[in-house]
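Reader: I would like to go through this structure by question and answer. Please begin with the metal site and then turn to the fold.

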Amino acid sequence: MCQMCRQNSIEKFEPSRRRILGAAVTTFGLFLASAAGAKEMKPPPKPQNVLSPDASLQRLLKGNARYVEGVALRHDFKHEREALAGGQNPFAAVLSCADSRIAPEYAFDSGRGDLFVCRVAGNFANDDSVASLEYAVAELGTPLILVLGHDSCGAVSATIKSIKDGTTLPGHLPSLVAGIAPAVKAVSQQGGDVLANAIRQNVIDNVAKLRSAGPILSAAVEQGKLKVVGGIYRLRDGRVEMVS
Ligand SMILES: [Zn+2]
């Protein structure tokens with residue numbers, strides 16, 4: 001990178017870093033504050049990832065369009081490694097189902113250091129994923145969170161069955177049921193495809209939960225630094241349909 005490009009990238013990045021630093025000091029304490037302060041001295045590892053929330057969403061959707069069409073970019077992982085060894089500034093965070101068919105990095109045709117991905121079967125926000133996303137937003141400056149459901153979700157399907165039959169699933173599975181049950185119950189009186197309705201409602205509910213999750217995410221949304229959106233991945237063609 002030439003000196004001028006480097007300076008431009010610093011100038012573009014610094015204002016958001018300063019705002020984020022303030023949030024980090026108040027919310028994460030001395031440890032994160034000093035870590036952020038150390039990073040403030042250098043340009044971000046991926047200057048192209050310093051984006052507004054809207055530009056971040058457009059980049060995600062363009063990446064998904066390439067993936068759908070089968071014209072994914074060639075990702076040169078080798079030459080990214082050195083820059084990313086010193087830090088990360090992902091341009092979007094994704095809360096996705098753990099389903100092996102989804103793979104957000106592929107679905108949005110992205111490279112390393114681009115997406116901060118939290119995955120759990122049923123893509124619902126629990127304390128650990130909210131905390132992880134708070135880290136992405138407050139410490140890494142990520143401007144967008146996408147809650148990504150998908151059709152034919154086994155976790156949502158199992159929750160519907162568990163509630164309908166009044167059965168308790170074995171092992172730790174009831175914790176997944178507890179996370180997904182509010183969306184299933186919310187659509188229980190609707191007609192049509194119960195599974196599709198519950199999958200959609202689960203995305204909408206978790207977008208709302210993250211938007212209002214205080215004190216970090218809700219403040220970032222209010223200040224226009226963060227958008228939280230929802231989408232559903234279609235297994236047949238790989239297209240992500242935005243639902244909120
Ligand atoms: Zn799933």
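Reader: Which protein atoms are the donors of the zinc ion?
Author: In this predicted model, the protein donors lie 2.1 to 2.3 Å from the zinc ion. Their spacing in sequence is C-x52-H-x2-C. Cysteine 97 belongs to the loop between strand S1 (92-96) and helix H4 (104-107), and cysteine 153, 56 residues apart from it, to the loop between strand S3 (144-150) and helix H6 (154-165). The donor atoms are Cys97 SG, His150 NE2 and Cys153 SG.

Reader: Are cysteine 97 and cysteine 153 buried or exposed?
Author: Buried here requires under 20% relative accessible area. Both cysteine 97 and cysteine 153 are buried.

Reader: Which strands stand at the edges of the sheet?
Author: The sheet is open, with mixed pairing and the order S2-S1-S3-S4-S5. Each edge strand has a single partner, so one side of it is left without a neighbour in the sheet. The edge strands are S2 (115-119) and S5 (240-242).

Reader: Which residue in S4 stands opposite histidine 150?
Author: S3 pairs with strand S4 (residues 227-233) in the parallel sense, over seven bridges. Opposite histidine 150, S4 places tyrosine 233.

Reader: How far apart are the end C-alpha atoms of helix H5?
Author: Helix H5 (residues 127-140) lies across S1, S2 and S3, at about 170° to S2. At 1.5 Å a residue, its 14 residues should span 20 Å. The distance in the model agrees with this: 19 Å.

Definitions and conventions. Residues are numbered from 1 along each chain as its sequence is written. This is a predicted model: local features need pLDDT of at least 70, side-chain atom pairs count only at pLDDT 80 or more; totals for chains, interfaces and linings use all residues. Side-chain values use heavy atoms; hydrogens and water are left out. Donors are N, O and S atoms within 2.8 Å of the metal (3.2 Å for Na, K and Ca); water is not among the atoms, so sites may look incomplete. Helices (H or I, at least four residues) and strands (E, at least two) are DSSP runs, numbered from the N terminus. Buried means under 20% relative accessible area, exposed over 50%, partly exposed in between (1.4 Å probe, protein chains only). The expected span of a helix is 1.5 Å times one less than its number of residues. Two strands pair if DSSP finds at least two bridges between them. Contact means heavy atoms within 4.5 Å. Axes are lines fitted to C-alpha atoms, for helices over the stretch in contact, and angles run from 0 to 180 degrees between N-to-C directions.
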